[in-house]
Amino acid sequence: MDIAYLQTPIGIAEFKGDENGLSKISVLDTNIPIGIIPETLIEPIHQFKEYFEGKRQDFDLKLNPSGTEFQQKVWEALVKIPYGKTVSYLELSKRLGDPKAIRAVAAANGKNPLWIVVPCHRVIGSNGDLIGYAGGLHRKKWLLEHESPAPQQSLF
């Protein structure tokens, strides 16, 4: 398993993967020396840099996350949430065909191993609150603000 690190505006991203694809991207709260990037992780790091520079809204990467069939189904639904948009946990449960599965969907969302690429940060509470983010609510807020359309500029 190859490992690489990238300094982002909201922490150091740790990438894990191999020729079969990315298996994990997480954000760390500690400082890790940024070293040589293995060949298998050059493109994911490049795409992450573009995302943080505001030049990329979608990722085109080979993914290989480990999870249950249900978790995989939830993560596939997360990828379909458009850049700059949010959905509630209830809405996500409805999209998956079972509004009563809201807690299971929330738990699967919390187990997402592919930070930002599988955009679990785009899932919010039914009342619009920022809840349930393993990377910390300050990061969730930052990511949602980063993805929001630019405010209308005054003409005067």
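Helices (H or I, at least four residues) and strands (E, at least two) are taken here as DSSP runs and are numbered from the N terminus. On that basis C120 is placed in the loop between α4 and β5.

The model is predicted, with local features requiring pLDDT of at least 70 and side-chain atom pairs counted only at pLDDT 80 or more, whereas totals for chains, interfaces and linings use all residues. Residues are numbered from 1 along each chain as its sequence is written, and side-chain values rest on heavy atoms, with hydrogens and water left out.

The terms for accessibility are buried for under 20% relative accessible area, exposed for over 50% and partly exposed in between, using a 1.4 Å probe and protein chains only. The loop residues compare with these cut-offs as follows.

The UniProt annotation "active site", which comes from an unreviewed entry, covers C120; UniProt positions are given in the numbering used here, feature names are shortened, and annotations may be inferred rather than shown by experiment. With contact meaning heavy atoms within 4.5 Å, C120 touches L78, N109, N112, Y133 and K140, when residues up to four places away in sequence are not counted. G136, for its part, is 77 residues from F59 in sequence and 22 Å from F59 in space, C-alpha to C-alpha.

In helix α4, which spans residues 102–110, the buried residues are V105, A108 and N109. These residues cover an arc of only 105° around the axis, which puts them on the same side of α4, the arc being that of the directions from the helix axis to the C-beta atoms. The buried residues of α4 pack against α2 (69–79), α3 (89–95) and β5 (123–124).

Axes are lines fitted to C-alpha atoms, for helices over the stretch in contact, and angles run from 0 to 180 degrees between N-to-C directions. The axes of α2 and α4 are 9 Å apart, and the two helices pack at an angle of about 80°. They are therefore roughly perpendicular to each other, a class that covers 65 to 115 degrees, while under 35 degrees counts as roughly parallel, over 145 as roughly antiparallel and the rest as oblique. On the α2 side the contact is made by F70, Q71, V74, W75 and L78, and on the α4 side by A104, V105, A108 and N109.

**The β1–β2 hairpin**

Two strands pair if DSSP finds at least two bridges between them. Strands β1 (residues 2–8) and β2 (residues 11–18) run antiparallel and are joined by seven bridges, and a hairpin links β1 to β2 through two residues. I12 in β2 is the bridge partner of Q7.
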